[in-house]
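I have one structure to go through today. Please put it on the screen, and I will start with confidence and then move to the cores.

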Amino acid sequence: MCNRPVIRRPAAAVSAVLLVVVALVASCTIDRGGKSDSARDSGPVAKVSMAPAADAENVNPTAPVSVTVADGTIDQIALTNANGKQVTGELAPDKRSYKITEALGYAATYTWSGTVIGTDRKPVPIDGTFRTLAPKNAVPATVNIADNQEVGIAAPIILQFKASVQNKAAVEKALTVTTNPPTEGAWAWFPDDNGGSRLHWRPKDYWVPGTTVQVTAKLYGLDLGGGNYGYTDLTSDFRIGRRQVVQANAPSHRMQVVRDGQVVFDFPVSYGQGNEPRNVTRSGVHVVTEKYEDFMMSNPPFYTNVRERWAVRISNNGEFIHANPESLSAQGASNVTNGCINLSPSDAQAYFPTALYGDPVEVTGTSIQMSAADGDLYDWTIDWSTWKGLSALDAAHAPGISATPVAPGPPR
């Protein structure tokens, strides 16, 4: 049996061999797409962008709210209010974006939560909060015509705010009136004499019967000025009815009701006597605004709480068309009332059901013209050029409407 000789290498030679092996091993860890392990461990590749940005303050509640992702997709996501209620939103089909689809509240804090999965399959959290603006006042507004209501051919659209509006042009830009058939019309601002700002929209001429009208007011989140913002959006869809006009000529002591070009009633009546201005029935286009089968009328010191029947209001200065048996002997012969148009009980009852909100009542032949001093609905006494100048968007904006206060024509 032969024994191999044992070959002993110096320690320095062995160390050199080990260094070469280590170097070779180290050289084999490079590549895998050209990236080293240290580069791959630098962090997730997905990037999350939020609008508004995290920690944003005074965000308008109608501003777009969304999350978008680069180099990844959304796995789960939610926006919740301070009470934990989730806000309605919509995820894009490619899962790279998510948007809120409902308006937010005023003075509220909202929080994002969720996860994004990057193209590197690493998760990235979705988190952040923002807060919406807190208005000094959220100002309600109302529109005068209800959904599905049928109105007369002189009906204006009236938007009444519960406080003064400073940013009038911004409000008009937020309003849309859509008509079929197309109808020329315009907005006009009236004095703040009803507890807040108001504006009226009327057509240039009487409405065409059968016209359909849609009013949209995007007021929620709208800066009204002075720290006030709109309380809510408003809409109204209504229809113009038949063409009915009351032709009331005071010297004739008669009143005709003309429907679609045909005289359907020709009544003997009595108008306001002209012994003093307060008793003169105003000439001009009045508008039917409301009606009552029974109405308690007062005109101190002459009478108080007198029950009148079949009363149709035609202005807010106290003028009505109504039954008055006490003036029967004068009806058709002389004008003896305190400003109203008096009919017999039977004639008033016959006319009453035919009257619609917005019907024009054209009074002629008296000594005083209807004006801004006669209540809050005198739209048709304003010529078209002046009317357009009352818009805040009109370049030749007129100074406004002034009213000289006078004693209103008393009822009856």
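The average pLDDT of the protein, meaning the predictor's confidence in each residue from 0 to 100, is 88, and 85% of the residues score at least 70. This is a predicted model, where local features need pLDDT of at least 70 and side-chain atom pairs count only at pLDDT 80 or more, while totals for chains, interfaces and linings use all residues. Residues are numbered from 1 along each chain as its sequence is written, and side-chain values use heavy atoms, with hydrogens and water left out.

Residues 1-36 stay under 50 in pLDDT and have two contacts beyond four places in sequence; contact means heavy atoms within 4.5 Å. Residues 395-412 are also below 50, yet that stretch has 58 contacts beyond near neighbours in sequence. Where pLDDT is low, the predicted coordinates should not be read in detail.

The protein has five helices and 28 strands, taken as DSSP runs numbered from the N terminus: H or I of at least four residues for helices, E of at least two for strands. Of its 412 residues, 43% are buried, that is, under 20% relative accessible area with a 1.4 Å probe, protein chains only.

Now the cores. A nonpolar core is a set of buried Ala, Val, Leu, Ile, Met, Phe, Trp, Tyr and Cys residues joined through side-chain atoms within 4.5 Å. The largest has 37 residues, and Ile-157 and Phe-161 are among those with the most contacts inside it. Strand 12 (157-161) is one of the elements giving two or more residues; with four, strand 12 gives the most. Apart from that core lies another of 23 residues, including Phe-267 and Val-363.

Technical notes. Buried means under 20% relative accessible area, exposed over 50%, partly exposed in between (1.4 Å probe, protein chains only).
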